[in-house]
Amino acid sequence: MSTHSSKEKPTLGGTRIKTRKRNIAAPLDPASFSDAIVQIYLDNGGDLELVAKSIESSDLNFSRYGDTFFEVVFVGGRTQPGTIKPEEEGDRHPYSVLDCAAQREAILPSVLYIQKTLRRRPFLIKNLENVMRKFLQSLEFFEENERKKLAIFTALAFSQKLSGLPPETVFQPLLKDNLVAKGIVLSFITEFFKEYLKENSLDDLIGLLKKGKMEDNLLDFFPSAKRSSEALSEHFTKEGLTSLVEYNEKKMFEVKLKEIKSTLTTMINDEAEISEVIETVKQQVKDAKFPDIEVIRMLWDVLMEAVQWSGKNQQQNSNSALRQVKAWAELLNAFCTSGRLELELIYKVQTQCYEDAKLMKLFPEIIRTLYDQDVLAEDTILLWFRKGSNPKGRQSFVKALEPFVKWLEEAEEEE
């Protein structure tokens with residue numbers, strides 16, 4: 001037996017039953033719904049504020065024909081099922097989103113008008129999603145200029161925080177292979193980024209991409225032949241989106257840094273041969289096009305993170321840290337190939353001794369060990385002592401290093 005009986009039990013609330021009955025019985029008729037909406041546009045000469053008012057007070061069945069409503073909003077009339085082609089018969093109006101000029105000023109009123117409509121009938125957000133998804137999956141059937149209009153509309157919809165439109169609804173349908181391969185998606189997303197960044201920060205855009213599960217996968221928007229970070233940088237630079245390029249480079253850098261660090265940590269914990277470690281780092285640094293200053297900072301971080309710190313015993317900590325510096329001095333030396341890089345290493349040690357209480361008192365001893373192991377030249381130490389520019393804890397570190405510097409200067413005089 002079927003769970004719901006089509007016969008309604010008789011009750012006194014007759015009118016409510018009647019509407020429910022009508023909902024069950026009435027055949028689907030999107031055509032007359034569509035014509036009624038088109039008529040509202042025509043009656044109001046396309047003035048969207050007036051259209052919004054008439055729609056607000058109309059008793060048309062929006063919950064049933066929500067998708068049809070948005071088709072009329074976007075293309076001026078009903079589309080054939082499963083396509084974006086306009087239906088042959090039925091009325092159309094010339095005030096749709098795709099009839100606007102491809103500019104923010106022309107398209108914004110449509111976004112605000114949809115926003116008003118959604119406030120009155122929040123359930124329509126699902127229908128907006130359906131129709132946007134359908135259009136975005138069919139981008140190739142639109143003219144280039146129409147795609148630009150859809151991109152601007154989409155950017156403004158997020159700019160205006162259109163009630164609850166989820167970003168993945170927009171980004172995920174774009175990832176259809178054939179659309180990506182033709183480069184259609186890349187031009188769409190580029191227009192979208194440009195428009196969105198006119199009035200939102202890069203952080204806002206990254207937030208959107210995160211919600212759409214795309215922030216790590218910008219390359220997925222590129223045709224496979226162009227799926228490299230060089231191509232990405234070149235494309236977005238040419239389009240004037242340098243902030244996005246910088247963001248992506250930083251992201252790639254962080255990923256590579258993590259990889260190199262984890263390789264290095266494993267080798268240090270396994271007490272690999274220093275020469276082998278040096279070769280591995282050189283190779284990875286070359287592949288990742290790593291700036292030499294970053295290499296120095298990274299080496300120091302990894303060495304210090306690999307020390308077996310004891311919770312309480314300060315003396316034990318000092319011994320462990322200095323032992324580590326001695327043991328791996330050759331590794332540091334292989335990459336501290338100039339006075340400039342030696343100075344960077346001192347700054348790095350200074351910053352860490354300043355920020356890490358365990359190392360606070362160790363600064364002069366670390367510097368002295370690095371000097372004894374030929375990682376730091378005397379000139380570099382004296383330069384830091386006299387003119388160092390990193391302010392972190394500088395006064396107390398200079399004071400702590402004074403006896404050692406005195407000793408260096410005296411040794412120099414004796415020579």
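**Notebook: burial, cores and helix packing**

I began with S34, which is buried, with a relative accessible area of 2%. The model I am reading is a predicted one. Burial here requires a relative accessible area under 20%, so the value of 2% places S34 in that class.

**Entry on S34.** I located S34 in helix α2, which covers residues 30-43. I then listed what S34 touches, leaving out residues up to four places away in sequence: T68, V72, G77 and R78. I also looked up the separation of S34 from N313. The two are 279 residues apart in sequence, and their C-alpha atoms are 79 Å apart in space.

**Entry on L108.** Is L108 buried or exposed? I found L108 buried, with a relative accessible area of 14%. L108 belongs to helix α5, residues 104-120. Once neighbours within four places in sequence are set aside, L108 is in contact with L156 and Q160. I noted the spacing to A157 as well: 49 residues in sequence, and 8.6 Å in space from C-alpha to C-alpha.

**Entry on the cores.** Which residues have the most contacts inside the largest nonpolar core? I recorded F69, F70, F74, Y113, L128, F192 and F193, in a core that has 74 residues. The element that gives the most to this core is helix α10 (residues 184-199), with nine residues.

I returned to F69 to list its partners. Not counting residues up to four places away in sequence, F69 touches F33, I37, I55, F62, Y113, T117 and L124.

**Entry on α12.** Which residues of helix α12 (residues 229-238) are buried? I noted A231, L232, S233, H235 and F236. These buried residues pack against α10 and α13. Just after α12 I came to G240, which takes a positive phi of about 80°.

**Entry on α11 and α13.** I next examined how helix α11 (residues 202-211) meets helix α13 (residues 242-269). The two pack at an angle of about 60°, and their axes are 11 Å apart. The pair is therefore described as oblique. The crossing of α11 past α13 is right-handed. On the α11 side the contact is made by L202, L205 and I206, and on the α13 side by S243, L244 and Y247. Sorted by class, this contact has five nonpolar residues, one polar residue and no charged residues.

**Entry on α19 and α21.** How is the crossing of α19 and α21 handed? I recorded it as right-handed. The axes of helix α19 (residues 363-372) and helix α21 (residues 394-414) come within 8 Å and cross at roughly 35°. From α19 the contact draws on F363, P364, I367, R368 and Y371. From α21 it draws on F397, A400, L401, F404, W407 and L408. I counted the classes for α19 with α21 as ten nonpolar, no polar and one charged.

Note on methods: Residues are numbered from 1 along each chain as its sequence is written. This is a predicted model: local features need pLDDT of at least 70, side-chain atom pairs count only at pLDDT 80 or more; totals for chains, interfaces and linings use all residues. Side-chain values use heavy atoms; hydrogens and water are left out. A nonpolar core is a set of buried Ala, Val, Leu, Ile, Met, Phe, Trp, Tyr and Cys residues joined through side-chain atoms within 4.5 Å. Buried means under 20% relative accessible area, exposed over 50%, partly exposed in between (1.4 Å probe, protein chains only). Helices (H or I, at least four residues) and strands (E, at least two) are DSSP runs, numbered from the N terminus. Contact means heavy atoms within 4.5 Å. Axes are lines fitted to C-alpha atoms, for helices over the stretch in contact, and angles run from 0 to 180 degrees between N-to-C directions. Angles under 35 degrees count as roughly parallel, over 145 as roughly antiparallel, 65 to 115 as roughly perpendicular and the rest as oblique. A crossing is left-handed if the near helix is turned anticlockwise from the far one by less than a right angle, and right-handed if clockwise. Ala, Val, Leu, Ile, Met, Phe, Trp, Tyr, Cys and Pro count as nonpolar, Asp, Glu, Lys and Arg as charged, and the others, Gly among them, as polar.
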